[in-house]
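Here's a quick briefing on one protein model, written for someone who likes to have the numbers next to the picture. Have a look at the structure first, and then we'll go through it by topic.

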Amino acid sequence: MNDSIAMTGVATACRSCGASDLVPFLSLGRMPLVDAFVREEDRAEPDPRFPLGVALCPSCSLVQILETVPPETLFVENYHYFSSFSDALLDHARRNVESLIASRGLGAESLVIELASNDGYLLQFFRDRGIPVLGIDPSPGPAEAAIAKGIPTLREFFGVELAWRLRREGRRADVIIANNVLAHVPDLNGFVAGIGILLADDGVAAIEAPYLKDLIDRCEFDTIYHEHHSYFSVTALSALFRRHGLSLNRLEHHPIHGGSLRIFVERRENTSPIVREYLAREEADGLARPAYYRDFAARVASVRDDLLRLLRGIRARGGRIAAYGAAAKGSVLLNYAGIGTDLIEFVADRNIHKQWRYMPGVRIPIRAPEEILREMPAYVLLLAWNFKDEILRQQAAYRERGGRFIVPIPRPEII
Ligand code: JHZ
């Protein structure tokens, strides 16, 4: 990878409704690509960096980043995220599948299509119940892992063109699943139009996306990076789907990834009271108004300052510090705060595709989680704070021996 990657552009209009009065409210500076984990042989090469600024569209309430890095750069050349490394995520996926099978009466005649199916972490549960599936994912590593598991997977980006091709082949989905992908598509309207084309007349799309209100209220600023073009309220989602003849009929609010919405979208309008409640609450809270976001940048800066003070204090007293979770959000936190090997010795991660690489930008080495017990640093900074319960359980021996975790978000805290 070199420095010559071109951005496809800097936004001047909302990527959902097209309004041109975007209101910027946070800049995280020039950020490397957060999933571009650096190989040993590339260590001397500088990371390409891109401006990372966030803005609100007051017309439709979509929050969005202003710079667009080409999807091929993000998801084909530099993507090492495999969903199957988190037990909590697998469990969340299994429960989602069971509830869809029951509520939709799915069987051997049905077709479930997942957009951004990654390594088949979710479709495997449908397949195990004899329900035909098709995965779509452009990332080579995860898509090949899915195919190796026997999950039919198209290694492609999804949009109107692919949706029409499948439909012409006679394939329409009874259920479309799209988890943590809506935020990732630069052409939001093309993607949603594709869902409209591919969905059977009485089908449902079950879509998960991190909830904007949780991000702002809990200061989860490290989930803002170039892979995530959009940050959704229910208001923004409802307007987006309506534009393409689809109705957001039902929603669930889950704790996964720091707070996510699971929305259920169908052709026929049948809006449930909970959707109306969320829309009314967002209106009352002012999620579409710039005032809601006014103090966010100051809160983000104070998390950074408190964390740096804490880490530097530990180092000044001779304490050793490691980190857990070579997460994309970890790359944001470390780079934004300028935390390098002077403060953190290594980052532990279970994902074998990330181990023995380096965190982008700050170049902290990534090792297996077993290193924590072997090295016994006094503190471990929990970069994957969204999997706190699972990771603390797994690291019980480290804590029993006196090791402490630092949870950075929503405010730095030692536990
Ligand atoms: P995790 C990813 O963000 C990328 P990231 C992506 N862009 C997206 O949208 C969000 O997910 C939703 C490791 N781990 O899931 C696995 C352990 O080592 O918070 C991961 O490398 N041991 C698609 O990267 C990292 O931590 C464990 O026990 O911020 C977690 O990354 C567990 C639970 C995880 O997502």
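Let's start with a sheet: 4 strands make up an open, antiparallel sheet, running in the order β2-β3-β4-β11. Its edges are β2 (23-32) and β11 (230-231), each with a single partner strand, so one side of each has no neighbour in the sheet. Keep in mind that this is a predicted model.

**More on that sheet**

- β2 pairs with β3 (residues 49-56) in the antiparallel sense, over 7 bridges.

- Another open sheet has 7 strands, in the order β8-β7-β6-β9-β10-β13-β12, and here the pairing is mixed.
- Its edge strands are β8 (153-154) and β12 (247-254), each pairing on one side only.
- β12 and β13 (residues 260-266) are paired in the antiparallel sense, with 7 bridges between them.
- Within that pairing, H253 has L261 in β13 as its bridge partner.

- The protein splits into domain 1 (83-282) and domain 2 (296-414).
- On the contact between them, domain 1 puts in 19 residues and domain 2 puts in 19 residues.
- How much area is buried between domain 1 and domain 2? It comes to about 1700 Å², with carbon and sulfur atoms giving 70% of that.
- On the domain 1 side, F85, F221 and D222 lose the most area to domain 2, and together they make up 42% of what that side buries.
- For context, the accessible area lost when parts come together is often used to give the size of an interface.

**Polar and charged links across the interface**

- There is 1 salt bridge between domain 1 and domain 2.
- D87 forms a salt bridge with R350, and the closest N and O atoms are 3.5 Å apart.
- Polar contacts between domain 1 and domain 2 come to 7 residue pairs, counting those with both residues at pLDDT 80 or more.
- On the side of domain 1 that touches domain 2, α2 (87-104) and α7 (212-217) each supply at least two residues.
- By type, the residues of that side of domain 1 are 10 nonpolar, 4 polar and 5 charged.

- Most residues other than glycine have a negative phi, and most peptide bonds are trans.
- Which peptide bond is cis, with omega near 5°? That's the one from I409 to P410.
- P410 sits in the loop between β18 (404-407) and β19 (413-414).
- H257 isn't a glycine, but its phi is positive, near 55°.
- You'll find H257 in the loop between β12 and β13, the two strands that pair in the antiparallel sense over 7 bridges.

Note on methods: Residues are numbered from 1 along each chain as its sequence is written. This is a predicted model: local features need pLDDT of at least 70, side-chain atom pairs count only at pLDDT 80 or more; totals for chains, interfaces and linings use all residues. Side-chain values use heavy atoms; hydrogens and water are left out. Domain bounds come from an automatic or database domain assignment. Contact means heavy atoms within 4.5 Å. Buried area is the accessible area (1.4 Å probe) that two parts lose on being put together, summed over both. A salt bridge is a side-chain nitrogen of Lys or Arg within 4 Å of a carboxyl oxygen of Asp or Glu. A polar contact is a pair of N or O atoms within 3.5 Å; within protein, one must be able to donate a hydrogen and the other to accept it, and residues adjacent in sequence count only if both atoms are side-chain atoms. Ala, Val, Leu, Ile, Met, Phe, Trp, Tyr, Cys and Pro count as nonpolar, Asp, Glu, Lys and Arg as charged, and the others, Gly among them, as polar. Two strands pair if DSSP finds at least two bridges between them.
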